[in-house]
Amino acid sequence: MKKLLLAASLMTASVSAMAVAPGGPDCGWGNMILKGKSGLPMHVLASTTNGTSGNATFGMTTGTNGCSANGVLTYGGKPMIDLSSIMDEFSEDVARGHGDALTTVAVALEIEASDRVVFGQAMHDNFAVIFTHENMTAEEVMANVVAVMKADARLAKYAA
Amino acid sequence: MPLDFRLAVRLLGIFATLLALASGANALPADKERPAGIQSRADLHEVARMPFWLRLGHYRSSLIADSGWRSYVDDSRFFLAPNGKHDPDAELQATLEAMFAPAGEDNAHVLCRYPLRTAWLAEVLAIAPAALPRVSCTDYEQWRGHVNASRVSLVFPSSYLGSPSSMYGHTLLRFDPADVDEGSDWLSWALNFGAVIRSDDNSLFFAYRGLAGGYPGLFSMMRYFEKIKEYRYMENRDMWEYRLNLTPAEIDRMLAHVWELRDIEFDYFFLDENCSFRLLELLELARPGLRLTARFDGAVIPVDTVRAVIDEALVDSQRFRPSEATLLAQRLARLSPHEYRLAWELTQDATALTGPDFESLPAVRRGEVVQVAYSHSRYEQRQQERQPEKAKQSFALLRALNATPSAPMEVVLPIAPDQGHGASVVGMGAGYRDEEFYTKVRWRYNYHELLDPVAGFQPGSAIVAGRVDVDLYPGGRVELDRLDVLEIVSLSSWNPFMPRLSWRIQAGYERSLVEEGRQGIYQVNGGAGITIAPASPLQLYALAEAALEHTADHKAWLRPGLGARAGYLWHTPLGVQQLEASGTCFYGDQYRGRLTLRQNWDWVENQSLRFESGVEYAGSHDSRFVELGYRYYF
């Protein structure tokens, strides 16, 4: 997964990340946690066409969420997998201390298999530090995740 | 790949000659002594009729087209020859010529655009790599780098509760990297074929166009977690994943062809040229010996394509990924009545978290209760726009979830959809109605009725498209008993955590008792109501209904009515039992009622026996019947 964001790029200030986050509110890194219906096609549509709304994407970029014109999602100026759409699932897994979304974020951050338990535990233990209120954006969550990693002896190397 | 070496050498000769003539160029190290002749053109024609070439162009034989061929691809950009859609020969010629064109701009060469087509032609015609121009295909290489696949799974999202029309399901492919088991399949790539809906479309036409064509169908790829979000979280559809035993070379062929189909439009048809059919075509290109598309003549039901893939020994292993609704239902079933009540209180008022009732529970049980309350709050809010108050409440429960113990859940595995009965039915029966014996002959196009064997289906869900029952009476009288165009029934058990309505709709022709006697009636009826499940195998339901009917005898051309229906479905070990009472008051003070008892025996796989008995009332008349029928599913 060399094409992914190295945690280093996460380190660039979250303020600057804001400036390049594509889309805006409810889009990409602007997505709020605990979100509602995301404008998916109505069910009858989904069941007769299995379709997608908007333009078809083709996995050409590391992150495609339909929010930006060219489908590239950046964080701190670097391309990365757009994890913003799984922040709800991530928050639940962090609260519980286990789950697929937690593993997925660890893998996307290129945390080695041997350190993933440490990552999961650090996230779980710092739930209150990462998730401070109900109206956070995905981008704010990511910034807090990186801050927790930096403060952890085993995880700092993935965030530096 | 069948390869006639002598043929290849000859063809190469033709090409060298053609090319030399056309451009005076130096491209081919050629056998110039062999003249190009009709014989050789015939040989090239032979290559253009090889199954693999026809598959590469998605050609099928056509009675309408003059050439006898027609491609499924409805996009002129896919073809190199102007008449490529109808002419596999011309397309082959055009491809061959383009292969030898000078390299030009990066990524633009036909060798970059059609990696599989050109590689196959080069192999069949024994064109040495050195004979072809050196081209730089960075886009393709970069894409293959991203979609770094060494395993492929066929994914089947099954139906969601409350929407039997989704029972037909869907299929997509997932491409996993080699180390997926040590990583996360959420990050794998999903390949989906679906209609692309422009956002300015009027929603009224969605379903119509989906059925009748008119939407372009395209392949798209996205991270698998986008699909997990869509099915598991938003639509509450369980996902079944079938890991295929494709080899690296086969996956390589498949992806090379997927690239050829990038941004290429097919017309999308719900019934036949749908998501699942296109995936079968890809599988046949990956492993040419497979017999998949040929099994389907007419409708392509996604679960049947899963069965075909299993039948062709493509499946290694199977995995179940439950939807959030399935998880919530299973969690609810494991709560004691006391815990159930507490969980409900938490969903209404998060301050109950500090109440004595909650705090006196063992820590592990507190975790379960909070999980149920949180899952419910998310289940509810995923159906609506984000509401700040609800988000606040969810967040309080999320914090509580963090403060209580949690263990990964052991999921009860349902029976896989591929284990379900066949969608079509033929049947025979014998019955006695109003002092006459009759023989019943029945046929159903698809898909599942309430009484059918429930394994692999959602209990209480039914969808029927096309059903005909004919009664034969002694003396040769033949009566069409019913002809259903469509029937959909959704009996979703209601509980406060997942408060779902039940509903049904039916349209067709039916012989019914009216005041004038038994008559054929064209009718449409439907309604909505509530189902409860006092015990898991038993569902009690009650619906309020409306009906509209037409018979030749009516004074009014159309006759509306209002009614109600109630009954139970009991999923016994033998099979489903149903008792149902219904009554309708039609315009003109016509009252009609019906009481029916049915018991199915799931006899052996894909066969069943059904006992049915009922009485109909219309004004002062009544009509009774009893029938025993046999059904074969295929």
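At what angle do the axes of α11(B) and helix α12 (residues 302-311) of chain B cross? In this predicted model, local features need pLDDT of at least 70 and side-chain atom pairs count only at pLDDT 80 or more, while totals for chains, interfaces and linings use all residues. Residues are numbered from 1 along each chain as its sequence is written, and chains are lettered from A and ligands numbered from 1 in the order in which they are written.

The axes of α11(B) and α12(B) cross at roughly 20° and come within 9 Å. Axes are lines fitted to C-alpha atoms, for helices over the stretch in contact, with angles from 0 to 180 degrees between N-to-C directions. Helices (H or I, at least four residues) and strands (E, at least two) are DSSP runs, numbered from the N terminus. The two helices α11(B) and α12(B) are therefore roughly parallel to each other, a term for angles under 35 degrees, with over 145 counted as roughly antiparallel, 65 to 115 as roughly perpendicular and the rest as oblique. The crossing of α11(B) past α12(B) is left-handed (near helix turned anticlockwise from the far one by less than a right angle; right-handed if clockwise). On the α11(B) side, B:Cys275, B:Ser276, B:Leu280 and B:Leu283 meet B:Pro302, B:Thr305 and B:Val309 of α12(B). Contact requires C-beta atoms, placed from the backbone, to lie within 7 Å.

Helix α10 (residues 248-260) of chain B also packs on α11(B), at an angle of about 130° and with the axes 8 Å apart. This pair is therefore oblique, and its crossing is right-handed. Residues of α10(B), including B:Met254 and B:Val258, meet B:Leu282, B:Leu285 and B:Ala286 in α11(B).

The largest nonpolar core has 156 residues; such a core is a set of buried Ala, Val, Leu, Ile, Met, Phe, Trp, Tyr and Cys residues joined through C-beta atoms within 7 Å. Its largest share, 8 residues, comes from α11(B) (residues 275-286). A:Val141, B:Leu191, B:Leu346 and B:Leu397 have the most contacts inside this core. Beyond its neighbours within four places in sequence, B:Leu397 is in contact with residues including B:Leu346, B:Val370 and B:Tyr374.

In chain B, β10 to β21 form a closed barrel of 12 strands with antiparallel pairing, where pairing requires at least two DSSP bridges between strands. Neighbouring strands of this sheet are turned by 20° against each other on average, direction ignored. Strands β11 (residues 436-448) and β12 (residues 461-472) are joined by 9 bridges, and B:Thr439 has B:Leu472 as its bridge partner in β12(B). The peptide bond from B:Asn446 to B:Tyr447 is cis, with omega near 25°, and B:Tyr447 is found in β11 of chain B. In the loop between β10 (425-433) and β11, B:Glu435 has a positive phi of about 70° although it is not a glycine.

Elsewhere in chain B, strand β3 (residues 151-160) runs antiparallel to β4(B), joined by 5 bridges. All 5 of the 5 residues of β4(B) (residues 172-176) are buried, so this strand is largely enclosed by the rest of the structure. A residue is buried with 20 or more other C-beta atoms within 10 Å of its own, exposed with 12 or fewer, and partly exposed in between, C-beta atoms being placed from the backbone.

Note on methods. Contact = placed C-beta atoms within 7 Å.
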